[in-house]
Amino acid sequence: EMNRKVGLALLEPFQMRIDTAANGREALNMIKNNRYDLVFMDHMMPELDGVDTTHIIRRFYENYADVPIIALTANAVDGVRDMFIEEGMNDFVAKPIELRNIIGIIKKWL
């Protein structure tokens with residue numbers, strides 16, 4: 001819950017429509033009913049984590065093949081970016097999230 005609040009606060013100045021999900025299952029229900037231009041996917045979520053959720057999106061939602069999925073993770077060790085890309089994500093942002101990193105990702109992918 002706290003991570004979602006922090007993320008919303010960081011993204012508020014961009015005046016985008018932002019939806020949040022508590023877990024991967026909720027995120028899947030949301031993409032089933034909406035079209036998003038960019039997905040920030042928390043790596044560690046209850047019920048269904050970000051990697052498994054990304055696998056499902058990439059496999060079963062063809063209309064999301066070109067939608068960037070950006071991992072949010074506290075696990076920022078060497079090689080983690082490559083791991084997320086291999087798992088179907090497009091990029092990652094390390095936690096704690098810094099505004100300049102989010103701005104860079106938004107500019108890069110939108």
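In which loop does Pro96 lie? Select Pro96 in this predicted model, and you will find that Pro96 sits in the loop between strand 3 (91-94) and helix 5 (99-109). While you are there, look at the bond that links Lys95 to Pro96, which is a cis peptide bond with an omega of about 0 degrees.

Next, select Thr73, which belongs to strand 2 (residues 69-73). Thr73 counts as buried because its relative accessibility is 2%, and buried means under 20%. If you show side chains, you can follow a polar contact of 3.3 Å between the side chain of Thr73 and the side chain of His43. Once neighbours within four places in sequence are set aside, the residues in contact with Thr73 are His43, Phe84, Phe92, Val93, Ala94 and Lys95.

Now display the surface and go to the largest pocket, whose volume is about 950 Å³. To find its centre, select Ile18, Asp19, Thr20, Val39 and Phe40, which lie nearest to that centre among the 35 lining residues. Helix 1 (2-11), helix 2 and strand 1 each contribute at least two residues to the lining, and helix 1 gives the most, with seven. If you colour the lining by residue type, you will see 24 nonpolar, three polar and eight charged residues.

Finish with two residues whose backbone angles deserve a look. Gln15, in the loop between helix 1 and helix 2, has a positive phi of about 55 degrees although it is not a glycine, and with a relative accessible area of 74% Gln15 is exposed. Glu47, which you will find in the loop between strand 1 and helix 3, likewise is not a glycine and has a positive phi, of about 70 degrees; Glu47 counts as exposed because its relative accessibility is 59%, and exposed means over 50%.

Notes
Residues are numbered from 1 along each chain as its sequence is written. This is a predicted model: local features need pLDDT of at least 70, side-chain atom pairs count only at pLDDT 80 or more; totals for chains, interfaces and linings use all residues. Side-chain values use heavy atoms; hydrogens and water are left out. Helices (H or I, at least four residues) and strands (E, at least two) are DSSP runs, numbered from the N terminus. Buried means under 20% relative accessible area, exposed over 50%, partly exposed in between (1.4 Å probe, protein chains only). A polar contact is a pair of N or O atoms within 3.5 Å; within protein, one must be able to donate a hydrogen and the other to accept it, and residues adjacent in sequence count only if both atoms are side-chain atoms. Contact means heavy atoms within 4.5 Å. On a 1 Å grid over the protein atoms alone, a cavity is a set of points where a 1.4 Å probe fits but cannot get out, and a pocket is an open set with protein on both sides within 12 Å along at least five of seven lines; lining residues have an atom within 4 Å of a point. Grid points are joined across faces, edges and corners, and a volume is the space filled by probe spheres set on the points. Ala, Val, Leu, Ile, Met, Phe, Trp, Tyr, Cys and Pro count as nonpolar, Asp, Glu, Lys and Arg as charged, and the others, Gly among them, as polar.
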